[in-house]
Amino acid sequence: MPFSPPNDTAATPQRSWTVGMRRGAAGRCPNCGTGRVFDGYLAVRTSCASCGHALNEYRADDAPPYFTIFIVGHVIVGAMLILDRFVLLPLWAQAALWVPLTIVLTLALMRPVKGAVLGVMWANDTRS
Ligand SMILES: [Zn+2]
C-alpha cells in the first residue's frame, strides 16, 4: 500500500498576516474584513456578526500593551531628543508637553495594535 501524506494543508487556505493585520488594525474581523472585532474600547467580541468566526478564541494577552509601549516610547523619546536639540524648554513645559502626548498616543494606538495582533494570530491560527 503506497504512503500518502495527509492533505491537511491543502484543505486549509493560506491566511495572509498582512491582510489580518490590516483588517484587525482597522477594527474589522480578520477573517472576513466586514464585521467588527471590538465590543467597546478593547473588549473582543465573542464572534463576528458578519461571518460568525469565533474571535474570542484569540488571546492576545500582554502583546498589545508591549507593542504599544514599544512604539510610543520610541516616538516620544525620539521627539524629545529632536526637540531638545533645537529648543531648550523648562522642565514644567517638558512635562506639560510630553506627559499628555504620551497618554493620548498610548490610548490612540492601543486599539489598532490589539487588532493587528489579533490579525496576526488569526493568520497563524493561534487559538487558545
Ligand atoms: Zn468576520
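# Helix packing exercises

The model is predicted, so local features need pLDDT of at least 70 and side-chain atom pairs pLDDT 80 or more, while totals for chains, interfaces and linings use all residues. Residue numbers start from 1 along each chain as its sequence is written.

## Exercise 1: the overall layout

Find how many helices and strands the chain has, and describe its extent.

Step 1. Start with the elements: there are four helices and zero strands (DSSP runs numbered from the N terminus, H or I of at least four residues and E of at least two). Along the sequence this gives the pattern α-α-α-α.

Step 2. Now look at the extent. The C-alpha trace spans about 80 × 35 × 20 Å along its principal axes.

Step 3. Finish with burial. Of the 128 residues in the chain, 21% are buried (20 or more other C-beta atoms, placed from the backbone, within 10 Å; exposed means 12 or fewer, partly exposed in between).

## Exercise 2: helix 2 against helix 4

Work out how helix 2 and helix 4 are arranged, and which residues make the contact.

Step 1. Take the axes: they lie 7 Å apart, and the helices pack at an angle of about 150 degrees (lines fitted to C-alpha atoms over the stretch in contact, N-to-C directions, 0 to 180 degrees). Helix 2 is therefore roughly antiparallel to helix 4 (over 145 degrees; under 35 is roughly parallel, 65 to 115 roughly perpendicular, the rest oblique).

Step 2. List the partners. Helix 2 supplies Trp17, Gly20, Met21, Arg23, Gly24 and Ala25, and they meet Pro112, Gly115, Ala116, Leu118, Gly119, Val120, Trp122 and Ala123 of helix 4 (C-beta atoms placed from the backbone, within 7 Å).

Step 3. Sort them by class: nine are nonpolar, four polar and one charged (nonpolar: Ala, Val, Leu, Ile, Met, Phe, Trp, Tyr, Cys, Pro; charged: Asp, Glu, Lys, Arg; polar: the others, Gly among them).

Step 4. Check burial in helix 2, residues 17-25. Gly20, Met21, Arg23, Gly24 and Ala25 are its buried residues, and helix 4 is among the elements that cover them. Just past the end of helix 2, Gly27 has a positive phi of about 80 degrees.

## Exercise 3: helix 3 against helix 4

Repeat the analysis for helix 3 (residues 63-86) and helix 4 (residues 91-123).

Step 1. These axes come within 8 Å and cross at roughly 140 degrees. Helix 3 and helix 4 are therefore oblique to each other, and their crossing is right-handed.

Step 2. On helix 3, the contact uses Ala63, Pro64, Phe67, Thr68, Ile71, Val72, Val75, Ile76 and Met80. Helix 4 contributes Trp98, Leu101, Thr102, Leu105, Thr106, Leu109, Met110, Val113, Lys114 and Val117.

Step 3. The class count here is 15 nonpolar, three polar and one charged.

Methods: A crossing is left-handed if the near helix is turned anticlockwise from the far one by less than a right angle, and right-handed if clockwise. Two residues are in contact if their C-beta atoms, placed from the backbone, lie within 7 Å.
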